[in-house]
Structure formats: C-alpha cells, structure tokens
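Subject: Model for your review, with notes

Dear colleague,

I am passing on the structure we spoke about, and my notes on it follow below. Please read them alongside the sequence and the coordinates.

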Amino acid sequence: MSHPTRRLLAALGPDPAVPADADLLNRFARTRDAGAFELLVHRHAPLVLRACRGVLRDRHAAEDAAQATFLALARQAGSVRGDTLPGWLFRVARRVAARAARRHLPTVDAEPDAIPTAPTPMPTPDPAEVHALHDELARLPEAYRSPLLLAYFEGLTYPEVARRLGWPLGTVTGRVARAKTALAVRLARRGFAPAVLAVAAEEVSAGFAAVTTGAAVAYTAGVGTGASAAVTELAGREVRRAATTKLVRLAGAVVVCGAVTLSLGASSGGDPPAAPPAPPQQAPPAPPRVPAAANPKAVVGKGFFVAPVTTDLQRRMLRGSEASRAVVWVDGPVLLRAASADETGGALRAVQSALAGYEPERGRSVVHVAVHYSWDYKQTGGVTLAYALDGAAARAGYVPATRSVYLHARGYSLADHTARLRDGVGADAPEPGVGDDRVRAFRVRTPLSRVLTNGADGVVDIRTPLDAGPGGTVPAAVEKSADAALAALALPRGGTVDFLFEAADPTRGGEATAIRSAAQRWATAHGLVFGTLGRVSER
C-alpha cells in the first residue's frame with residue numbers, strides 16, 4: 001500500500017471513510033458510477049475467481065466465468081444487499097462456472113493485459129476436496145457464509161471484515177468461529193480434513209478490474225460490452241434465471257394472498273360496517289412570517305473549499321438537480337502530500353463539519369465532489385482520497401453525486417479560485433434567468449458561480465438537446481431564442497459569456513463544432529467575449 005494511502009487510512013482512524021459494499025452498490029445502481037463498480041470488482045475478484053476455479057480447471061475459462069458473474073451483478077445491483085454480497089457472488093459464480101463447464105466455454109482472449117493468452121493449468125488442491133468445501137460453504141446460512149468468505153477467500157483481517165459488512169467485531173469473530181466449526185464437522189463426515197479451508201486470496205490479473213468494469217457499464221446500458229459472446233451469454237442466462245425466480249416467488253405470494261383474502265371474506269359473513277365519519281378538523285393557525293435566513297457561507301481550507309449550492313445556475317453547471325446542496329472542491333496533491341495523518345484527517349473532518357453545517361436532508365441532499373490534479377502528478381492514493389471524501393460526505397448526511405476529476409497544468413493553484421469565495425461578495429444574491437424554454441441566460445452574481453465559470457460575467461444555457469456530432473446544426477428556433485436571451489441579459493460590452501448545452505445523443509462523442517461556432521457568433525454579435533462551451537446533463 002502506498003505511503004499517501006496509508007496516511008489517509010490512518011487519518012480516518014478506526015472508522016475509515018472507504019465506503020461499504022452497500023454504498024457502492026447503491027451508487028452504481030443510481031448513477032452507473034464506474035469507479036464504484038471498479039472498487040467492488042477489486043474487492044471481490046479474488047473471491048469470485050477462486051469460486052470459479054473450484055469448478056473450472058483452466059484459468060482462462062475461470063476468468064471468463066468470473067467476468068460473467070460481475071456482468072450479472074451490474075444488471076442486478078439495485079436488488080442485492082450489501083451485507084450479503086459476498087455470499088451472492090459466491091453462489092452466482094458457482095452457477096456460472098458450472099454452466100461454462102457444461103458448455104465447454106471457449107477460451108477467447110478479450111484483453112491481453114487482463115487474461116493469459118493460453119490456458120494455464122492451475123495448482124489447486126484435490127478437486128474432490130475443493131468441490132466438497134464449496135458445497136458445504138453454499139449450505140451455510142448467509143450470516144455465517146459472508147464473513148467466512150471475506151476472511152478466507154479474500155484474505156481480510158477480522159477488523160476489515162467487520163468494517164466491510166458494517167458489523168461489530170465481536171459478531172464477526174463469533175460467526176467465523178462457529179462457521180469454521182460447522183464446516184469442520186461437515187467436511188469430516190465426507191472424509192476430508194478441515195485444513196482444506198486455507199486463507200488464500202486468489203491472484204487476479206492486473207487489468208481484470210478495469211476491463212470487467214468497462215464491460216459491466218456497457219452491459220447495463222445495452223451496448224457492446226467488449227467481452228466475448230460466450231461471457232455475455234453466460235451473464236444473460238444468470239440474469240434471466242434471477243428474473244424467472246423472482247416471478248415465480250411473486251406468483252406464489254399472490255396465490256397465498258388471494259387464498260387468505262378469500263378465507264377472510266368467507267368468514268366475515270357480509271360487508272363490514274361503515275366507518276363513522278371523521279370529526280371536522282379546524283385549520284391550524286398560519287405560522288408567523290419570519291425573515292429568510294442568509295445562505296450559509298463557504299468554508300475555505302488548505303487544499304480544499306466547501307460551498308453551499310443556492311441557485312439554479314449553479315445546479316446546471318454542476319449537472320445537478322433540486323437535491324444538489326453543496327460542492328466540495330479539492331486540490332488532490334495538497335491533501336495527498338500533507339505532512340502528517342493529523343493534517344490530512346483535519347482537512348477531511350473540516351470538510352465533513354462544513355457539509356453538516358448546511359443542514360442536509362439526510363439521504364436525499366446531494367454533494368458534488370471535484371478533485372483536481374496536475375497533468376504530471378502520479379495519482380498514488382487518489383482512489384482512496386476520492387472515496388474518503390465520499391465517506392465524509394455520507395457521514396454528514398449527503399448522497400455523493402458522480403465524482404469529477406480534472407487535470408491541469410503544473411501551475412494550477414486552488415488559491416486562484418478561493419479568493420472569489422473569501423470575499424463573499426454576492427453570497428446571498430439570486431441568479432434569475434431570462435429567456436424561454438429553449439435558451440436561458442444568467443448573470444453570474446454569486447462567489448461559487450464565479451468559481452465555476454472562472455470569472456465569467458454570464459452564462460447562456462441551451463436547453464434544447466442539440467446534435468453535437470460531426471455535421472450537426474443549430475435549429476433556427478434555438479438561434480432566435482439565444483439572440484433574444486442575450487439581448488435581455490444586457491451584459492456590458494466586453495464581458496465574458498460561457499455556454500452550456502445538452503447533447504441529443506450523449507453516448508456519441510464529437511467536438512460540437514457547429515454549436516461552438518454558433519456560440520462564438522452570438523457572443524460577438526452582442527459585443528461579448530466567448531468563454532467556454534460545456535455539456536450539461538449527461539443522460
């Protein structure tokens with residue numbers, strides 16, 4: 001583990017902010033955050049691969065089956081409980097590997113970095129012992145199987161297992177001990193020694209997590225995964241099996257409920273008596289009018305700032321919604337190169353305290369996290385820093401939005417931006433828009449908006465989705481609306497104006513040449529300087 005990562009974890013103390021499986025599953029299910037899913041793959045690939053290798057002797061085939069297991073997880077992320085994820089993965093991996101064995105899954109190289117180019121015999125214990133062990137593991141109750149799998153298939157310590165599952169350490173220790181005793185008895189009945197359960201975290205190829213994550217995100221979007229057809233078919237069969245099982249259970253529940261309803265109706269002997277009318281209620285007195293409180297202030301620290309989100313313009317620039325409540329802006333190298341764990345921990349605690357001060361609606365308010373690096377900076381510890389920030393936000397009561405990572409020239413300095421927050425000018429100012437449903441224009445008035453635009457005077461928000469690909473054009477109606485919105489905005493000549501737009505097809509890249517040319521033309525026509533063009537709402 002790198003030095004910055006160790007310092008971050010030390011700064012977080014016994015309750016590190018690295019999120020639990022449940023948080024990562026929820027985040028991927030809501031926002032398709034590839035980073036959250038990649039961390040899940042990093043965590044559980046040893047478990048899944050070891051389960052697959054217990055069925056498939058060929059390492060290449062086992063990795064294909066493991067990849068198919070994670071593709072199935074991606075499709076079902078919203079229905080899997082975080083504290084049962086290890087057991088869920090173990091069961092699904094065994095089923096997928098068994099199907100692959102029956103079908104003689106071909107070994108096709110999907111990624112040279114991630115999968116060996118030839119079948120590799122695997123130095124595993126006696127197959128009969130492994131088969132017996134996996135059978136008995138599958139028969140354990142989930143509450144005992146999950147901690148045992150994390151401890152012996154992923155090689156975690158008991159405190160790490162407790163943090164991963166969100167359980168007390170004593171619960172983990174007791175359940176693992178009872179599970180080992182039960183396994184020893186059951187294996188002995190089958191003629192095997194308990195020593196077959198050995199701590200052995202499976203070695204996973206360097207590129208497996210990245211390749212699998214890319215395939216999983218594409219699979220959930222219904223586009224090409226980059227995985228082999230056999231892998232995709234294995235994942236599809238598991239997803240269809242889960243859907244069929246769910247329907248069968250639902251049908252059974254409906255039959256039972258129907259029988260109970262009929263039974264109750266038959267025994268009632270007639271219609272129930274009508275309920276007495278509710279007494280009239282008097283309207284409560286109107287609450288006294290109180291003056292609106294001023295917006296909470298931004299907090300600026302060494303290497304970071306935290307600010308409340310207070311206007312629609314800020315939400316649009318942050319790709320947010322009505323639930324957006326705050327933004328955290330971090331200079332990654334400053335926090336990662338802090339002199340001590342106390343200094344790093346102090347910054348993280350300050351972020352959490354500032355966020356909590358904005359009185360979020362727990363579990364609903366959204367925070368937007370932006371982490372900045374220089375182009376030449378090696379992001380050692382960057383993943384841990386990002387999830388530490390997410391954890392601080394979650395403890396303050398927020399739902400983290402999809403994280404943004406920016407790269408800059410070596411001379412980037414957060415202080416260049418925080419000066420606009422420190423002066424506090426216009427912190428409580430409204431930023432009303434002018435225009436119509438196609439195009440809205442805003443004057444930049446608040447400190448946070450000045451930071452987000454890097455000092456622009458106005459923002460034009462094109463709300464009609466446009467074709468950003470090669471050959472795309474701007475409809476005449478949008479041209480007319482943009483001209484009218486800029487005229488109504490009446491910025492001083494020589495001012496800078498930024499433009500936002502939505503892509504009609506956000507999955508397709510492109511330079512948005514036509515949109516950029518139109519924006520530059522509109523700015524010039526009104527005596528303004530074109531600033532930047534950015535996308536909004538990656539739908």
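A residue is called buried here if its relative accessible area is under 20%, exposed if it is over 50%, and partly exposed in between, with a 1.4 Å probe and protein chains only. This is a predicted model, in which local features need pLDDT of at least 70 and side-chain atom pairs count only at pLDDT 80 or more, while totals for chains, interfaces and linings use all residues. Residues are numbered from 1 along each chain as its sequence is written, and side-chain values use heavy atoms, with hydrogens and water left out.

Aromatic rings

Both Phe90 and Phe153 are buried. Rings of Phe, Tyr and Trp (for Trp, the six-membered ring) are taken as a pair if their centres lie within 6.5 Å, and planes under 30 degrees apart count as stacked, over 60 as edge-to-face and the rest as tilted. By this rule the count comes to 6 aromatic pairs. In one of them, the rings of Phe90 and Phe153 have centres 5.9 Å apart and planes at 80°, so the pair is edge-to-face. This pair links distant parts of the chain, since Phe90 is in helix α5 and Phe153 is in the loop between α7 (142-152) and α8 (158-165), 63 residues apart. Helices (H or I, at least four residues) and strands (E, at least two) are DSSP runs, numbered from the N terminus.

The rings of Phe28 and Phe37 have their centres 4.7 Å apart and their planes at 40°, so that pair is tilted; Phe28 and Phe37 are both buried. Ring pairs also link Phe499, Trp522 and Phe530 into a cluster. Phe499 belongs to strand β10 (residues 496-503) and is buried, because its relative accessible area is 1%. The C-alpha atoms of Phe499 and Val460 are separated by 4.7 Å, although the two residues are 39 apart along the chain.

Charges over rings

A charge is said to sit over a ring if NZ of Lys or CZ of Arg is within 6 Å of the ring centre and within 35 degrees of the ring normal. Arg50 lies over the face of Phe153, at 4.1 Å from the ring centre, and the charged end of Arg75 sits over the ring of Tyr219, 4.0 Å from its centre.

Helix α3 is mostly covered, with 16 of its 20 residues buried. In helix α5 one also finds Arg91, which is partly exposed because its relative accessible area is 29%.

Loops and backbone angles

Ser79 is placed in the loop between α4 (59-75) and α5 (85-103) and is exposed, with a relative accessible area of 57%. Ser79 and Leu25 are 54 residues apart in sequence and 9.1 Å apart in space, C-alpha to C-alpha.

Most residues other than glycine have a negative phi. Glu359, which is not a glycine, has a positive phi of about 50°; Glu359 is found in the loop between α14 (341-356) and β4, and counts as exposed because its relative accessibility is 69%. Asn454 has a positive phi as well, near 55°, and lies in the loop between α17 (447-452) and β9 (458-466).

The second largest pocket

On a 1 Å grid over the protein atoms alone, a pocket is an open set of points where a 1.4 Å probe fits, with protein on both sides within 12 Å along at least five of seven lines, and lining residues have an atom within 4 Å of a point. Grid points are joined across faces, edges and corners, and a volume is the space filled by probe spheres set on the points. About 1300 Å³ of space lies in the second largest pocket. Of the 41 residues that line the second largest pocket, the closest to its centre are Met317, Leu318, Arg319, Ser404 and Tyr406. Strand β4 (residues 366-374) gives the largest share of this lining, 5 residues.

With best regards
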